[in-house]
Amino acid sequence: MTRPNYVGLQAADIPTFTTEGGVTVEPVSGEWLGVAAPIQSLIDIHLAVVRLPAGARFEAPVATGRNVFFYTVKGQVSVAGTPVPEWNLAALGEGDTVEIKAQTEAVVLLGHAEPINEPVFSHGPFVMTTREEIIQAMQDYQAGKFGPPPRV
């Protein structure tokens, strides 16, 4: 039941750094290799765009017990020796490091977060744990109980 919040980012708002191997990392949320992202989420989601030149390798630590996901936006890459084709999402297993290798120039979306361990229901901007909570949130919104929208 937290107050809604939206962070609109432009490219200039996202810090960018390049590793020794020529990989460009754009941290969007959380922290990546010591660089804080502009968004710090309520549930500690870490998300970054990783741009790899052909033949490059990127390695990032991940705390044990977190869910790790990986989406190949462009190019041919592999994670732990397993190919993840373009436009595919992979859920990675337990480990303390993610290692990505690019066979071609590639762009990937890499994220990790602690498991939520409860049901998740969403509808429009509302995310709750039951369908009934979603219905109540929609009724509260329609009744004006959320107050006026924030001024930007």
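Student: Is Asp140 buried or exposed, and at what relative accessible area?

Tutor: We are looking at a predicted model, where local features need pLDDT of at least 70, side-chain atom pairs count only at pLDDT 80 or more, and totals for chains, interfaces and linings use all residues. Residues are numbered from 1 along each chain as its sequence is written, and side-chain values use heavy atoms, leaving out hydrogens and water. Buried means under 20% relative accessible area, exposed over 50% and partly exposed in between (1.4 Å probe, protein chains only). Asp140 therefore counts as buried, because its relative accessible area is 16%.

Student: Which helix holds Asp140?

Tutor: Helices (H or I, at least four residues) and strands (E, at least two) are DSSP runs, numbered from the N terminus. Asp140 falls within residues 131-142, which form helix α1.

Student: How far apart are the end C-alpha atoms of α1?

Tutor: The expected span of a helix is 1.5 Å times one less than its number of residues. For the 12 residues of α1 that should be 16 Å, which agrees with the end C-alpha atoms being apart by 17 Å.

Student: What arc do the buried residues of α1 cover around the axis?

Tutor: The buried residues are Ile134, Ala137 and Asp140. The arc is taken from the directions from the helix axis to the C-beta atoms. They lie on the same side of α1, because their arc is only 125 degrees.

Student: Which residue joins its side chain to that of Asp140 through a polar contact?

Tutor: A polar contact is a pair of N or O atoms within 3.5 Å; within protein, one must be able to donate a hydrogen and the other to accept it, and residues adjacent in sequence count only if both atoms are side-chain atoms. Beyond its neighbours within four places in sequence, Asp140 is in contact with Lys145 and Phe146. The polar contact, at 2.7 Å, links the side chain of Asp140 to that of Gln136.

Student: How many residues are in the largest nonpolar core?

Tutor: A nonpolar core is a set of buried Ala, Val, Leu, Ile, Met, Phe, Trp, Tyr and Cys residues joined through side-chain atoms within 4.5 Å. Leu52, Phe58, Phe70, Val77, Ile100 and Leu110 have the most contacts inside the largest one. Elements giving two or more residues to this core include β5 (46-52) and β12 (106-113).

Student: What is the relative accessible area of Trp87?

Tutor: Trp87 sits in the loop between β9 (82-84) and β10 (89-92). Although Trp87 is not a glycine, its phi is positive, about 70 degrees. Trp87 is exposed, because its relative accessible area is 62%.

How values were computed:
Contact means heavy atoms within 4.5 Å.
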